[in-house]
Amino acid sequence: MIFSTINKKGGVGKTAFSFSIAKDLDLFLQSNDSSIIESIYPDKAKISTHPPLIDHCIYDFGGFIQSGVLEIAKASRAIIIPCTPLYNSLLKTIETIQEMQALKVPLMVLITDYQSLEEREQASSTLQSNFTDLNFFFFKHSKILENSMRKGLSFKELSMQTPLSKIHYKTFITEYQRLLDTLTQGVSQ
Ligand SMILES: Nc1ncnc2c1ncn2[C@@H]1O[C@H](COP(=O)(O)OP(=O)(O)OP(=O)(O)O)[C@@H](O)[C@H]1O
Ligand SMILES: [Mg+2]
């Protein structure tokens, strides 16, 4: 089971989502971009300029999309594309989707870090008017991303920590679980 998280735009949550999905699905995590993953996910996370293609792995690809990245993206069961509602993020996401569509791999677009329903709708309708066949998931602005990376816990682990956190992160986790279920659907591990 291989997944790739890609967006040319920085700061959209690629690393945070990749790390959490890796932990919750018990996958290796590889990245071509610097981050703290090797210290918060010891033995299972690795950063290198050209990550090798291995099974049971999620790839966190930042920045420029080289040929090695395309090869791994093509071998993926799904490509995860986080996108924030900022104008520049939408533009870069459209560029990213254009490049990824040619690979014929299911695309999971995460509309994330939005503050209002209006912002969420604007972002998803902009992308929908440019493309068909995208799968959308919605993650409102939440401290869970920052806390997850800081504590080295997945979103699910973090929400299970106390009864209060379970209530606090309920909407986020319900949508996150829908994402995990969609990613793993019909796959025997
Ligand atoms: N739902 C959300 N709630 C809060 N912050 C979010 C959310 N979604 C995305 N973010 C953003 O996630 C960013 C940090 O995430 P992360 O480092 O994983 O991004 P990245 O795409 O990997 O960036 P880079 O390309 O620099 O590696 C923060 O800047 C924050 O704005
Ligand atoms: Mg990153």
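**View 1. Helix α1 gives the most residues to the shell around ligand 1, three of them.** The model is predicted: local features need pLDDT of at least 70, side-chain atom pairs count only at pLDDT 80 or more, and totals for chains, interfaces and linings use all residues. Residues are numbered from 1 along each chain as its sequence is written, chains are lettered from A and ligands numbered from 1 in the order in which they are written, and side-chain values use heavy atoms, with hydrogens and water left out. At least two shell residues come from each of α1 (14-24), β6 (107-114) and β7 (134-140); helices (H or I, at least four residues) and strands (E, at least two) are DSSP runs, numbered from the N terminus. In total, 15 residues surround ligand 1, the closest being G11, T15, A16, T112 and S142; a residue is near a molecule if one of its heavy atoms lies within 4 Å of it. The shell divides into four nonpolar, seven polar and four charged residues (Ala, Val, Leu, Ile, Met, Phe, Trp, Tyr, Cys and Pro count as nonpolar, Asp, Glu, Lys and Arg as charged, and the others, Gly among them, as polar).

**View 2. Ligand 1 beside T15, T112 and F139.** The side chain of T15 has an N or O atom 2.8 Å from an oxygen atom of ligand 1. For T112, a side-chain N or O atom is 2.7 Å from a nitrogen atom of the ligand. F139 places a backbone N or O atom 3.4 Å from a nitrogen atom of ligand 1. Ligand 1 taken alone exposes 650 Å², of which the protein buries 72% (Shrake-Rupley method, 1.4 Å probe).

**View 3. Helix α1 against helix α6 (residues 144-151).** Their axes come within 10 Å and cross at roughly 60°; axes are lines fitted to C-alpha atoms over the stretch in contact, and angles run from 0 to 180 degrees between N-to-C directions. The crossing is left-handed (the near helix is turned anticlockwise from the far one by less than a right angle; clockwise is right-handed). T15, A16, F17 and F19 of α1 meet L145, S148 and M149 of α6, where contact means heavy atoms within 4.5 Å. Five of these contact residues are nonpolar, two polar and none charged.

**View 4. Helix α4 (residues 87-101) packed on helix α5 (residues 117-130).** The angle is about 35°, with the axes 11 Å apart, and the crossing is right-handed. L90, T93, I94 and I97 of α4 make the contact with A123, T126, L127 and N130 of α5. By class, the contact has five nonpolar, three polar and no charged residues.

Terms used:
A polar contact is a pair of N or O atoms within 3.5 Å; within protein, one must be able to donate a hydrogen and the other to accept it, and residues adjacent in sequence count only if both atoms are side-chain atoms.
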